[in-house]
Amino acid sequence: MENQILDVLSLQKSALLRLSTSSATERMEKLRKIESYLMQHKNELCDALYADFKKPASEVVIAEMLGVKREINHTIKHLKSWMKPQSVSTPLMLLGTKGLVQYEAKGLCLIISPWNYPFNLSICPLVHAIAAGNAVILKPSELSPTTAAFIQKMISSLFDPSEVAVFEGDASVSTFLLEQKFDHIFFTGSPAIGKVVMAAAANHLTSVTLELGGKSPAIVGPDVNVEEAAAKIAWGKFLNNGQTCIAPDYLYLHEKNYYSFLKALEATVETFYGKNVAKSKDYARIVNRRHFDRIVSLLEDAKEKGAQVLFGGKTDADDCFIEPTVLIHCTPEMRIMQEEIFGPILPVMSYQDELQVTASIRQGDKPLALYVFSTNAEFNHYILDHTSSGTSVVNDCLIQFGHNELPFGGVNHSGIGKSGGHYGFVEFSNQKSVVIQRTNLLKNFYPPYGVKVRWMIDFVLKWL
């Protein structure tokens, strides 16, 4: 495997000039090939994701396929304009020149993708990398092996290895890849592994995009439609069995609607998945036994420290099944309030005023997402202005990931860099500054620095 990787790296290095100077039309054609393959093999992809963790076919279409298709079509629509050098205004000191920002490919790129949305979070960054004119090695997660095999099959049938190559395997493959010299690394995963990736990139001064996670709060104000808000939060939390980096991780409920909201939330979960969730065809599973045990240990720790299961709580280790679960009476010393849950357990706390909520949120690391539910604009602005997060949504969950005109990414502990639409193209590009000199006014400042030159320098210093 290591020799094979080195051989592909050599091929890709030889192809970098060809790829970086390719036209928008050539790049768009590559993206169309991915879309065509996806549409022709839709059922195969659904089968792969069901095999990995029983992801319902409808969730595959909504959360895996639509995102990729949307990103491809948006990129094709705008790529020609993105690739054009962008003119900038000229400062007074440089009158007579013309300034441009030219987008050039970074070069050799490594994409390490996660298991929770293994197709979407592999192919969307690939779309951006191809659009920017790069060569790419893609390492999908070994925790979703059937989907990784699907990606391998798709890429090998569409691309020459000198352009895009996929390497499957365990963490040792990622470790070897990270030892190599890349021009950019795009990693999606946990903050703990993100630190490992960043440390490895530092050895070669390689730029990184880190799409991480963290504990994303949801705050429900005192003036909401509780049934509507409960449905949106239940969908955002329990989609993909809670294994979503931007899922609401914990919930603040105003004491005014605390009980009515919880009642609505329980009714919503039953509407979504029925009274026996284990028999629902619309509910995924935890990806493997290790993650199942981790989540159950968070639940047990919380219960031992005083948390109460309001509803849910059933588990089945043999099926990696955890029922949608809501915990009340949660306190900061519980592990479930300190670690990212990444599963279908929702801790709930009550509050009296927004000052209390924002102060609590600021005590932790900056989250990838923050959700606030309120019809009071002043309340919403207060929450957004007094917290920091990579993304935020008012009166819904998860939808920020589907907005092509907004940057997606974290801040500090929850991520570095942005993706999505034009921001993804820029992330895989070097924004090269170009200045074109058309006159020689600066000759008036050349030495020797006589009286005339000193007068002009003083004039510029005073009026510039």
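These legends describe close-up views of a predicted model.

**View 1. The largest nonpolar core has 44 residues.** Leu251, Phe261, Val348 and Tyr371 touch the most other members of this core. Two or more residues each come from strand 8 (217–220), helix 9 (226–238), strand 9 (250–254), helix 10 (258–273), strand 13 (325–328), strand 14 (345–351) and strand 15 (369–373). Helix 10 gives the largest share, seven residues.

**View 2. Contacts of Phe261.** With neighbours within four places in sequence set aside, Phe261 is in contact with Val220, Val226, Ala229, Ala230, Ile233, Leu251 and Leu253.

View 3. Leu442 belongs to the loop between strand 18 (429–437) and helix 15 (451–463). Leu442 counts as partly exposed because its relative accessibility is 31%.

**View 4. A cis peptide bond joins Pro447 to Pro448.** Omega for this bond is near 10°. Pro448 is placed in the loop between strand 18 and helix 15.

**View 5. Cys320 and Asn412 have positive phi values.** Cys320, not a glycine, has a phi of about 50° and sits in the loop between strand 11 (315–316) and strand 12 (321–322). Asn412, also not a glycine, has a phi of about 55° and sits in the loop between strand 16 (391–394) and strand 17 (415–416). Cys320 is buried, at 13% relative accessible area, whereas Asn412 is exposed, at 51%.

Technical notes:
Residues numbered from 1 in each chain as written. Predicted model: local features only at pLDDT ≥ 70, side-chain atom pairs only at ≥ 80, totals over all residues. Heavy atoms only, no water. Helix = DSSP H or I, 4+ residues; strand = E, 2+ residues; numbered from the N terminus. Buried < 20%, exposed > 50% of the residue type's maximum accessible area, 1.4 Å probe, protein only. Core = buried A, V, L, I, M, F, W, Y, C linked by side-chain atoms within 4.5 Å. Contact = heavy atoms within 4.5 Å.
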